[in-house]
Amino acid sequence: MTQDHPLSDAHRSEIIQMALSDHVSFADIEAQYGLKEKKVKALMRDSLKPGSYKAWRKRVRDFGTRRASYK
């Protein structure tokens, strides 16, 4: 999905759920929706409360250093 094709509310919700999941990588989200990691992070920043976004980013960073296949 690009700027030419805005995301529906249902797709936004699905992407947020996928991003919050510890079992779905950014590559999986890109394969399904065409959104690169940077766009997913921007979507999460716009959709989550600031504290929730910071906690999510910390979790993604921490898991990323422990598992190569993680986000």
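Predicted model: local features only at pLDDT ≥ 70, side-chain atom pairs only at ≥ 80, totals over all residues.
Four residues of α1 are tucked away, namely Ile15, Ile16, Met18 and Ala19, which are buried. These residues sit on the same side of α1, because they cover an arc of only 165 degrees around its axis. Turn to the other side of the helix, and Asp9 and Gln17 are exposed. As for what covers the buried residues, the list includes α2 (26–33), α3 (37–47) and α4 (50–66).

Next come the charged side chains, where the count is four salt bridges. One of them joins Asp22 to Arg59, with N and O 2.9 Å apart. This pair ties together distant parts of the chain, since Asp22 belongs to the loop between α1 and α2 while Arg59 belongs to helix α4, 37 residues apart. Asp22 is partly exposed at 25% relative accessible area, and Arg59 is partly exposed too, at 26%.

In α3, Lys41 and Glu37 are four residues apart, about one turn of the helix, and their side chains meet at 2.8 Å, N to O. Lys41 has a relative accessible area of 18%, under the 20% cut-off, so Lys41 counts as buried; Glu37, at 35%, is partly exposed. Helix α4 has a pair of its own, Asp62 and Lys58, again four residues apart, with the closest N and O atoms 2.8 Å apart. Here Asp62 is partly exposed at 31%, as is Lys58 at 47%. Such spacing makes sense, because an α-helix has 3.6 residues a turn, so residues three or four places apart point the same way.

Terms used. Residues numbered from 1 in each chain as written. Heavy atoms only, no water. Buried < 20%, exposed > 50% of the residue type's maximum accessible area, 1.4 Å probe, protein only. Helix = DSSP H or I, 4+ residues; strand = E, 2+ residues; numbered from the N terminus. Arc of directions from axis to C-beta. Contact = heavy atoms within 4.5 Å.
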